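Please open the model in a viewer and keep the selection panel at hand.

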Amino acid sequence: MKLKWLGHSAFELVSDNGLDIIVDPFIQANPACPLNVNDIHPDVICITHGHSDHFGDVVEIARNNPNLVVVTNYEISIHLQREGVNSVGINCGAEITINDVKIRMLDAKHSSSLDFDINIPYAGNPGSFLFTFENDLKVFHAGDTGLFSDMKFVIGEVYKPDIAILPIGNIFTMNPTEASIATSWISPKVVIPMHYNSFPSIRQDPDEFKREVESRAPDCETLIAEVLRTYEF
Ligand code: NI
Ligand code: MN
């Protein structure tokens, strides 16, 4: 599996058989993403919740890529279907399989609305995603979330991800200390911080997160990803 950070919470995960998945495709207005929406051609987009820094450019990307499938919560999928986007709505705990990759929606403690619409419509519950690749490699993308105990009892003990991608920005999500506690509960082999430094309000030092992970979860490696660099697992 190849992993690439596109800045903020946007990640590209490509399976060994070439299934190209983008999580939270915030591209055009993402200050941390140097790409243009026309540069990306995923097979699957997964959206954790309705906020504009996660929903991003999904509609435009879907128009450019007619075979694209969007996996998101039920309410956002209804909205996307009305926009003519091919979308599958699932809910917390559900798993679907696309080609060789299993995609499961799990919990997040946050909110979800279409904040770019003047009426701020309800957009279902916020979620996270667990991806299981063909060689049983499991990647957890937490979306936006605060710390919650099911990170230990459900995500850590039941699903056991190998790689966890966690927000550290504070203000809207966990801060580095809380994310290091989440790391010790989830107990992955590798943790990757996200949702920091893309905006002034979420300025954080990822090295501080790395130090806190070293003290609370010494067996876990912290990967401070560089935007657009490809990491192979
Ligand atoms: Ni959010
Ligand atoms: Mn966010």
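A residue is called buried when its relative accessible area is under 20%. The model shown here is predicted.

**Stop 1: cysteine 46**

Select cysteine 46, which lies in strand S4 (residues 44–46). Is cysteine 46 buried or exposed? Its relative accessibility is 0%, so cysteine 46 counts as buried. Next, display the residues around this side chain. Leaving aside residues up to four places away in sequence, cysteine 46 touches Ile21, Ile22, Val23, Asp24 and Pro25, together with Val71, Ile103, Phe129 and Phe131.

**Stop 2: the cysteine sulfurs**

Colour the cysteine sulfur atoms. How many disulfides does a search of the whole structure find? The search finds zero. For a pair to count as a disulfide, the sulfur atoms must be within 2.5 Å. The closest cysteine sulfur to that of cysteine 46 belongs to cysteine 92, and because the distance is 15 Å, the two are too far apart for a bond. From cysteine 33, the closest cysteine sulfur is that of cysteine 46, 17 Å away and likewise too far for a bond. Cysteine 33 is also buried, with a relative accessible area of 8%.

**Stop 3: the nickel ion**

Select ligand 1, the nickel ion. Which residues coordinate the nickel ion? The donors are His49 (NE2), His51 (ND1), His110 (NE2) and Asp144 (OD), at 2.2 to 2.3 Å. Along the chain these donors follow the spacing H-x1-H-x58-H-x33-D. The angles among the four donor atoms run from 88 to 178°, and the site is irregular. Four donors count as tetrahedral only if all angles lie between 85 and 135 degrees.

**Stop 4: the manganese ion**

Aspartate 144 bridges the two ions, which lie 3.3 Å apart. The manganese ion is coordinated by Asp53 (OD), His54 (NE2), Asp144 (OD) and His195 (NE2), at 2.2 to 2.3 Å. Its donors follow the spacing D-H-x89-D-x50-H. Aspartate 144 sits in the loop between strand S10 (138–141) and helix H4 (150–159), while histidine 195 sits in the loop between strand S12 (190–194) and helix H6 (206–216), so this pair ties together parts that are 51 residues apart in sequence. Both aspartate 144 and histidine 195 are buried.

**Stop 5: helix H3**

Finally, select helix H3 (residues 74–82) and show its side chains. The buried residues of H3 are Ile76, Ser77 and Leu80. Seen down the helix axis, these buried residues fall within an arc of 100°, so they line one face of H3. Elements covering them include helix H1 (52–55), helix H2 (58–64), strand S5 (69–73) and strand S6 (87–90).

At the N-terminal end, asparagine 73 caps H3, with a side-chain oxygen 3.1 Å from the backbone nitrogen of glutamate 75. Following H3 is glycine 84, whose phi is positive, near 85°.

Definitions and conventions
Residues are numbered from 1 along each chain as its sequence is written. Chains are lettered from A and ligands numbered from 1 in the order in which they are written. This is a predicted model: local features need pLDDT of at least 70, side-chain atom pairs count only at pLDDT 80 or more; totals for chains, interfaces and linings use all residues. Side-chain values use heavy atoms; hydrogens and water are left out. Donors are N, O and S atoms within 2.8 Å of the metal (3.2 Å for Na, K and Ca); water is not among the atoms, so sites may look incomplete. Four donors count as tetrahedral if all angles lie between 85 and 135 degrees; four count as square planar and six as octahedral if opposite donors are over 155 degrees apart and all others between 65 and 115; anything else is irregular. Buried means under 20% relative accessible area, exposed over 50%, partly exposed in between (1.4 Å probe, protein chains only). Helices (H or I, at least four residues) and strands (E, at least two) are DSSP runs, numbered from the N terminus. The arc is that of the directions from the helix axis to the C-beta atoms. Contact means heavy atoms within 4.5 Å. A polar contact is a pair of N or O atoms within 3.5 Å; within protein, one must be able to donate a hydrogen and the other to accept it, and residues adjacent in sequence count only if both atoms are side-chain atoms.
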